[in-house]
Amino acid sequence: MADNKPWVLISEIGDKGFHEDVVDIINQHFHIVCLKEFLQNPALHGPKIQGMFMWNFSPAAEPSLLSCLPSLKVIANGGVGIDHLDVPYINSFGVKVTNTPGVVSDATADMAMALLLASARTVIEGHLISVDSKTTHVPQSLMGVEVTGSTLGIIGMGHIGYKVAQRSKGFNMRILYHNRNRRSVEDEQAVGASYCEKLDDLLKESDFVVVVVNLTPDTTGLISHRELSLMKPTGTLVNVSRGLVVDQDALVKALMSGTIRAAALDVTHPEPLPRYPLF
């Protein structure tokens, strides 16, 4: 039966690719070819590969690769977002694209709250001071700002955004949200959220702004100079969506000028950041 297992292409095994435990599971159902091995002899491996498992955008579904995989049936993307995939082009080869919706919704919502709390309560700064052998006192500036009772603005009230609202309710936060479509009255009442039809209104009123949108042409650069200028000077921007949703040059200027108080970022473009002012 083992010889009947289909062949799949993956990036590599290890820290930069698939964890060994995951590879053990894949091996139960597929024969694996790593990208480096494939590139050494594409004529040998290409015709037998029926699936491609993509992790951290690799292997990249580029035309040069797809043209070498005549038997390819599916590209399985490990993650929710597929903005890095040209789905219509891939489909033109008769290849389906799959993703894993909802698999990291709780984890992403947890991270949003962790970033919000760490920024508000200067957790990282406090840690650096506490472990510095030169520290003789703790400055008053490390007290940070209040989270409980503050106003949270959520941009993108989808599956993850709603989970952020659920968590923030425990901090008695006033919750505002902006979304392409307004959620049901029942959903709003369950978390105590109020709908802002205009993004500008949310930005002006929020102490913390959490961005939880998919990356699309409409959301690329969604938060730029104008949007940051509308936020409170005591406001904090939290981004758990995609790095390109925020204009990073505009963010650097807003932070350096004091236009906003702080930013807490789960994502940047590129990742990791080079020696760039935001870093």
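1. Helices (H or I, at least four residues) and strands (E, at least two) are DSSP runs, numbered from the N terminus. This is a predicted model, in which local features need pLDDT of at least 70 and side-chain atom pairs count only at pLDDT 80 or more, while totals for chains, interfaces and linings use all residues. Residues are numbered from 1 along each chain as its sequence is written, and side-chain values use heavy atoms, with hydrogens and water left out.

2. The sheet. Six strands form an open sheet with parallel pairing, in the order β8-β7-β6-β9-β10-β11; two strands pair if DSSP finds at least two bridges between them. Its edge strands, β8 (193–195) and β11 (262–265), each pair on one side only. From one strand to the next, the twist averages 20 degrees. Axes here are lines fitted to C-alpha atoms, for helices over the stretch in contact, and angles run from 0 to 180 degrees between N-to-C directions.

3. Strand β10 (residues 236–239) runs parallel to β11 and is joined to β11 by four bridges. Leu 237 has Ala 263 of β11 as its bridge partner.

4. Helix α8. This helix lies across β6 and β7 and runs at about 170 degrees to β6. Helix α8 spans residues 159–169, and its buried residues are Ile 160, Gly 161, Tyr 162, Lys 163, Val 164, Ala 165 and Ser 168. Buried means under 20% relative accessible area, exposed over 50%, and partly exposed in between (1.4 Å probe, protein chains only). The buried residues of α8 pack against α6 (105–120), β6 (151–155), β7 (174–178) and α9 (185–191), where contact means heavy atoms within 4.5 Å.

5. The largest pocket. On a 1 Å grid over the protein atoms alone, a pocket is an open set of points where a 1.4 Å probe fits, with protein on both sides within 12 Å along at least five of seven lines; lining residues have an atom within 4 Å of a point. The largest pocket holds about 1,600 Å³ of space, a volume being the space filled by probe spheres set on the points. It is lined by 49 residues, and the closest to its centre are Gly 81, Val 213, Asn 214, Ser 241 and Arg 242. The elements that give two or more residues to this lining are α6 and α8. Helix α8 provides the largest share, three residues.

6. Cysteines. The structure holds zero disulfides (pairs of cysteine sulfur atoms within 2.5 Å). For Cys 34, the nearest cysteine sulfur, that of Cys 68, is 17 Å away. Cys 34 is buried, with a relative accessible area of 18%, and Cys 196 is buried at 8%.
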